[in-house]
Amino acid sequence: LKKLAALGVDMDEAVISGKTPANLIASQNKERDGSYEPYFEEAARFLSKESMEQLDKYGEAAVHLAARQGHAGMIKIMIEKGVDVNLAEDAPAPAGTTPLHEACMHGQAEAVKLLIAAGADDTLKNMDGETPAHAALMKNRRGRELDNEQKARVLRELMHLDIPRNDGQTPLLMLRHDTSELLPVFLERGVDLNHTDHSGMTVMM
């Protein structure tokens, strides 16, 4: 990045497959030991707020990708620079998806905590009416689902767990009969156990 900047490369312009340098960096997988995380944080210092909010041809911005990958240090710098933590993805990505949705769906509890502290709104819904709490209980784009421990860690960072999506289902209703491990998390938030979805179903049915 330092060399590119010195050469006068416009860091706000797409360079590969419609992605800006910010998007390319943020999309890199997080190492299990976190050894490379300082590099992501350092890279964010060279990038502008605008470049980290710019949607690529896939409808995603660097802030969404950093949240998905759990690059906490990078997210901290984004927040310091004033990046919109409620920025919505657009088509062809699922429209309305926020960085918080991404972090929740991929089990990035630290990223969730940072985003919430920075003012991320966990009541915002995507095109299907799903909140970040719904996202935490869903399979991600790779078809993988979080285990219950990961789900619990993410859900405990959120403030609203009882908002229904377009079909009337609250996050608790998505569990159906598999509520044993996660039910205490919802009870801590005082969710409505008698809520009925548009099909007339409750969590007790």
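Mentor: Look at lysine 151: its relative accessibility is 5%, so it counts as buried, the cut-off being under 20%. Keep in mind that this is a predicted model.

Trainee: Okay, and which residue does lysine 151 form a salt bridge with?
Mentor: Glutamate 145; their side chains meet at 2.6 Å, N to O. Glutamate 145 has 43% relative accessibility and therefore counts as partly exposed.

Trainee: How many salt bridges turn up in the whole structure?
Mentor: A search finds 10. One of them joins glutamate 60 and arginine 68, at 2.5 Å from N to O.

Trainee: Are glutamate 60 and arginine 68 buried or exposed?
Mentor: Both are buried. They also belong to a network of salt bridges that links Glu60, Arg68 and Glu102.

Trainee: Now helix packing. What do I look at?
Mentor: The general idea is that two packed helices are described by the angle between their axes and the distance between the axes. Here, take α6 (residues 72-80) and α8: the angle is about 10°, and the axes are 10 Å apart.

Trainee: How are α6 and α8 oriented to each other?
Mentor: Roughly parallel, since angles under 35 degrees count that way. By type, the residues of this contact are six nonpolar, two charged and no polar.

Trainee: Which residues of α6 and α8 meet?
Mentor: From α6, Ala72, Ile75, Lys76 and Ile79; from α8, Glu110, Ala111, Leu114 and Leu115.

Trainee: Last one: how many residues are in the largest nonpolar core?
Mentor: There are 51, and Met74, Leu155, Leu158 and Phe186 have the most contacts inside it. The helix that gives the most to this core is α8 (residues 109-117), with six residues.

Trainee: What does leucine 155 touch?
Mentor: Leaving out residues up to four places away in sequence, leucine 155 touches Ala133, Ala136, Leu137, Leu161, Val185, Phe186 and Arg189. Phe186, in that list, is also among the core residues with the most contacts.

Definitions and conventions
Residues numbered from 1 in each chain as written. Predicted model: local features only at pLDDT ≥ 70, side-chain atom pairs only at ≥ 80, totals over all residues. Heavy atoms only, no water. Core = buried A, V, L, I, M, F, W, Y, C linked by side-chain atoms within 4.5 Å. Buried < 20%, exposed > 50% of the residue type's maximum accessible area, 1.4 Å probe, protein only. Helix = DSSP H or I, 4+ residues; strand = E, 2+ residues; numbered from the N terminus. Contact = heavy atoms within 4.5 Å. Axes fitted to C-alpha atoms, helices over the stretch in contact; angles between N-to-C directions. Parallel < 35°, antiparallel > 145°, perpendicular 65-115°, else oblique. Nonpolar A, V, L, I, M, F, W, Y, C, P; charged D, E, K, R; others polar. Salt bridge = Lys/Arg side-chain N within 4 Å of Asp/Glu carboxyl O.
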